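Hi,

Here is the structure I promised to pass on. Have a look, and my notes follow below.

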2 protein chains.
Amino acid sequence: MTRSIAIIPVEGVGEVRPGDVLAELLLATPAGAALQDGDVVVVTQKIVSKAEGRLEAVPSDVPEALAHKAIVERESVRVLRRRGDLVISETAHGFVCANAGVDLSNVEQGWVALLPLDSDRSARRIRDALRARRPELARVGVIVSDTFGRPWRMGLTDVAIGCAGVAAVIDLRGSVDAQGRELQVTEVAVADELASAAELVMGKSSGVPAAIVRGVDPSWLRDGSVRDEIVRPPAEDLFR
Amino acid sequence: MTRSIAIIPVEGVGEVRPGDVLAELLLATPAGAALQDGDVVVVTQKIVSKAEGRLEAVPSDVPEALAHKAIVERESVRVLRRRGDLVISETAHGFVCANAGVDLSNVEQGWVALLPLDSDRSARRIRDALRARRPELARVGVIVSDTFGRPWRMGLTDVAIGCAGVAAVIDLRGSVDAQGRELQVTEVAVADELASAAELVMGKSSGVPAAIVRGVDPSWLRDGSVRDEIVRPPAEDLFR
């Protein structure tokens, strides 16, 4: 018997400011107060970057587009493609995304939000703080999500940029299918799928900066790392 | 108030054979019998291809790997990358994926499953059949999902290869964020996120070939098409 999964929006977090402890803000919401052991909390990059003070004032002595461009270039370790204002580049974390992950929206006018310096560590910090305040949450997972585009497919989806207490990728190697053949598909990026699932209750303008996923396979609740499990080493990448 | 979403596994579909009417098999399961108007049913490509008879015997007079390779080449309209046995190619539908979407696992020994010829139409056919049998399902959505890899990121995720009665991409252009700035992120591939969410209750070997997503935003339940909304025209693609 496979269990159902519930995706629960976390509303009422309010405006997040540098220095805020996200775990406290999350636990103070009705959904957060009802957090259960075994849940996975998905938190958007935007509020993680705000809480960590990863905000940067945009110089006002140059046109905004130019100022944005300079910040994006600085945050890029390698530019893969350019078209017009769009830059697809690789960040220091190894993420390949538009604008090096620099977030120009949902931040106060004149400011941009940078990615967390180490988003696995950001997830771990939130997880540790949740468990310190609610010791019964021994096996809670935390994912930091962001919204990325993809080549070949239109539209954006949310993916994991950091995780703690939950696998980034599960390995089905050795499993056999219903006919007893070894499975061809062996590694599933469950952290990315959890981030996408969470986005379904978030929207982009509805003030839902986090979601709780309840009912995940307990075997996924282990140490996990987006950097170690999902970021593809350039040497193994056919598209870099 | 944002609603929670539930992801419900559809168990008990049993082995699917060419000519089977998937809508009947789905409705005969306990989860399918409880299907509600406004739900989105995500059905894996594997059982859609089987029901549609998109199975092909692998010639036994050549080594299996060579036979597989010939089928993959034939199903490809353009090869993007090769490494060892791995081929990343574009299918006639415009999907870019490994092995042109040819499924070598979970099919009887000596057979492979090809992608549906028109996976939006496959979704529409399932939807029409569901509504014919259960007229109260006026606004049910159907997604056909498949498991694809991605450049730059390890692990596979499920994406939509066809949809009916549900948007592939929603457009948030014109929406403003909490600060009144127009949103930079404007198009969300909800069909892909729904497919990923559904995969969380499927696993690859657990005999769950479909899932029901309950509680999606009612505005997403409109005519949709993966081909028209998600497949990126090659001329607009920076990575082809």
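The buried residues of helix α5 in chain B are S119(B), D120(B), S122(B), A123(B), R124(B), R125(B), I126(B), R127(B) and L130(B). Keep in mind that this is a predicted model. Those buried residues of α5(B) pack against quite a list of elements in chain B: α1 (22–27), α3 (45–51) and α7 (226–229) among the helices, plus the strands β2 (40–44), β8 (141–148) and β9 (157–164).

I also checked the length of α5(B). The helix covers residues 119–133, and at 1.5 Å a residue its 15 residues should span 21 Å; the end C-alpha atoms are 21 Å apart, so the two agree.

Next, the nonpolar core. The largest one has 150 residues, and A191(A) and A191(B) have the most contacts inside it. What does A191(B) touch? Leaving aside residues up to four places away in sequence, A191(B) touches I143(B), A160(B), C163(B), V166(B), A167(B), A168(B), G224(B), V226(B) and I230(B).

Over in chain A, there is an open sheet of three strands, in the order β4-β5-β6, with antiparallel pairing. β4 (76–83) and β6 (96–98) of chain A are the edge strands: each has a single partner, so one side of each has no neighbour in the sheet. On average, neighbouring strands here are turned by 25° against each other, ignoring direction. Strand β5(A), residues 86–91, is joined to β6(A) by three bridges, and the two run antiparallel. If you want a spot to look at there, I88(A) stands opposite A98(A) in β6(A).

Cheers

Methods
Residues numbered from 1 in each chain as written. Chains lettered and ligands numbered in written order. Predicted model: local features only at pLDDT ≥ 70, side-chain atom pairs only at ≥ 80, totals over all residues. Helix = DSSP H or I, 4+ residues; strand = E, 2+ residues; numbered from the N terminus. Expected span 1.5 Å × (residues − 1). Buried ≥ 20, exposed ≤ 12 C-beta atoms within 10 Å, placed from the backbone. Contact = placed C-beta atoms within 7 Å. Core = buried A, V, L, I, M, F, W, Y, C linked by C-beta atoms within 7 Å. Pairing = 2+ DSSP bridges. Axes fitted to C-alpha atoms, helices over the stretch in contact; angles between N-to-C directions.
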